[in-house]
Amino acid sequence: MSTLDSLTDILVRDYGVAREKVTSDATLAILKIDSLSLLELMFKIEDRYGVKITEDTPTDLVTVNDVVGYIDGLVARRLKSRAVGASEVPSGK
Amino acid sequence: MTQRRVAVTGMGVVAPLGNSSEELFTNLRAGRSGVHRLADSQARGMRSPIGASVSFDGRAHFPEPRLRMLDRVSQLALVAAGQAVADARLDFAGERRERCGVFVGSALGGAGTTDEGYHTLYAERSDRIQPYSVLNAMTNAPASWIGIDHELSGPILTYSTACSSSAVALGEAARRINCGEADVMLAGGAEAPLVFGVLRAWEAMRTLATEDPQDPSASCRPFSRTRTGLVLGEGAAFAVLEEWNHAVARGAPIHAELSGYGLTSDVTHITRPTVAGQANAMRAALDSAILHPNDVDYINAHGTGTLQNDAVETAAIKAVFGERAYSIPVSSTKSMHGHLLGAAGALEFVIAVMCLKRATVPPTMHLNSPDPACDLDYVAGKARDGISVRTAMSNSFAFGGTNAVLIAKSVDRH
């Protein structure tokens, strides 16, 4: 299942968004996903993709495609860190 | 200037024993109790795990995405307020919305959300606090949501004076209409305290009733020598208050007049009630309604079932009404629906209005052993039907010392 498909499922099931409205270029505003809904969505993304989001949610996620790109980036980083045996938790401050 | 009068044109109730004012009153008249054993998830470890809950599932009223933004207290409030608007046959589209407002009383606000958040942090040791937690838990959420849903852009306020919160909300809303600042006010109260942390905190105060081992539903026994405390309940009750001529002009159903409101404070101790504070609130309500003590036909008592309250309230009623106190029916319906804290005043005002409409006074149940300190006519055990109730008083007294008294007058009095 593609990232877009699984994100669409979450938006339809948990946020009451009509499936036909979820397209790559649909804006989160049009789908009535406000900033707090987006924060909550991050918990669901963590569960669905087995990733841990440690940084603040980016403020430049405007469209569904932006969210898909963000998730794909998280997943790629997780795979990379596993490959090199590194911890996902940022070390040092 | 003549004071503008306040009509009660709509009522809505989501409470133990009934999800409408009619259903509730029918059950109260029959002496049924809404007190029962609570689920272990709510009350584990309690010595007396009892409460009065509402038969209510938010999923039947709100879609899933919206439910996440509504603590149970807001769900109950929105449904009861919606009922009141429908009952008043009021379409706000024809109103000057900036002259319509919402006043809500709540002691604890979104207590369930707060409880859940702490559970997440302390018990689960997770940092996944729901982003909506603050908005769901804030005490003014019910009032704000009602305002948003009905697009009422006049004053929207929340009163939190513990157990008198919604009596204050109704009284203050009536004042806004009296003085000409508003034409229509949606006012009432909501409370959803049947969550683990809140129940245990109340238990720690030693004010909750001991569970009756034979019959848990009979655990709350106001004015009885065997009373052991109050039983917590949840729910919401709302009224549409309307300037009298405004209601008449649109042909609204007028249930009663909210004719009196008295407000005083005890200022002696954070929990201990005073005879003077309660008596002065009753006198102030009578004065504002321009009524004599002889005019009062029924008193819905605060009657929590605690040792202190019931004796002090009895003394205060005697201080105000003198010998006549003994011939006024006084009942505590909390014996059946429990103590709804911030929603109690509004619920019991609605019950008082129902007494006017039905010419019936509900009983005080489980009063099986008279207390010499409580020697009034408490309508023990059985409703009194077919009596003329033209003026009913509703008492609400609170921790913190805010005493609020409301008076409902029947319509045919005018």
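What pattern does chain A follow when read along the sequence? Select chain A and trace it: the pattern is α-α-α. Helices (H or I, at least four residues) and strands (E, at least two) are DSSP runs, numbered from the N terminus.

Before you click further, some housekeeping. This is a predicted model, where local features need pLDDT of at least 70 and side-chain atom pairs count only at pLDDT 80 or more, while totals for chains, interfaces and linings use all residues. Residues are numbered from 1 along each chain as its sequence is written, and chains are lettered from A and ligands numbered from 1 in the order in which they are written.

**Stop 1: chain A**

Stay on chain A. Its C-alpha trace spans about 40 × 30 × 20 Å along the principal axes. Of its 93 residues, 14% are buried. A residue counts as buried if 20 or more other C-beta atoms, placed from the backbone, lie within 10 Å of its own; with 12 or fewer it is exposed, and in between it is partly exposed. Taking contacts in chain A between residues at least 6 apart in sequence, 52% join residues at least 24 apart. Contact here means that the C-beta atoms of two residues, placed from the backbone, lie within 7 Å.

**Stop 2: where A meets B**

Now show both chains. How many residues of chain A are in contact with chain B? There are 7, and they touch 7 residues of chain B. Highlight α1 (3–15) and α2 (35–49) of chain A: each supplies at least two residues of the side that touches chain B. α2(A) gives the most, with 4 residues. By type, that side of chain A divides into 4 nonpolar, 1 polar and 2 charged residues. (Nonpolar covers Ala, Val, Leu, Ile, Met, Phe, Trp, Tyr, Cys and Pro; charged covers Asp, Glu, Lys and Arg; the others, Gly among them, are polar.)

**Stop 3: chain B as a whole**

Chain B has 14 helices and 14 strands, and its C-alpha atoms fill a box of roughly 60 × 55 × 40 Å along the principal axes. A compact globule of 414 residues would have a radius of gyration near 22 Å, and chain B, at 20 Å, agrees with that. That radius is taken over C-alpha atoms, and the globule rule is 2.2 Å times the number of residues to the power 0.38. Buried residues make up 59% of the 414 in chain B.

**Stop 4: the two domains**

Colour domain 1 (7–249) and domain 2 (260–408) of chain B separately; these bounds come from an automatic or database domain assignment. Their C-alpha centres lie 20 Å apart. The contact between them takes 62 residues from domain 1 and 57 residues from domain 2 of chain B. On the domain 1 side, α8(B) gives the most, with 9 residues. That side divides into 33 nonpolar, 21 polar and 8 charged residues.

**Stop 5: the sheet**

Switch to cartoon. In chain B, 10 strands form an open sheet with mixed pairing, in the order β5-β4-β6-β7-β1-β8-β14-β13-β9-β10. β5 (156–159) and β10 (330–331) of chain B stand at the edges with a single partner strand each, so one side of each has no neighbour in the sheet. Strands count as paired if DSSP finds at least two bridges between them.

Next, pick β8 (residues 256–265) and β14 (residues 402–409) of chain B, which run antiparallel and are joined by 8 bridges.

**Stop 6: β6(B)**

Is β6(B) largely enclosed or left open? Largely enclosed, because 8 of its 8 residues are buried. Show its side chains: Val184(B), Leu186(B), Gly188(B) and Ala190(B) point one way, while Met185(B), Ala187(B), Gly189(B) and Glu191(B) point the other way. In a regular strand the side chains alternate between the two faces of the sheet.

Now look at the strands paired with β6(B). β4(B) pairs with β6(B) in the parallel sense over 6 bridges, and Gly101(B) has Met185(B) as its bridge partner. β7(B) runs antiparallel to β6(B), with 8 bridges, and Ala190(B) has Ala236(B) as its bridge partner.

Finish by selecting α8 (165–178) of chain B. α8(B) lies across several strands, including β6(B), to which it runs at about 175°. Then pick α11 (residues 275–288) of chain B, which packs on the sheet, touches β8, β13 and β14, and makes about 145° with the direction of β8(B). These angles run from 0 to 180 degrees between N-to-C directions, with axes as lines fitted to C-alpha atoms, for helices over the stretch in contact.
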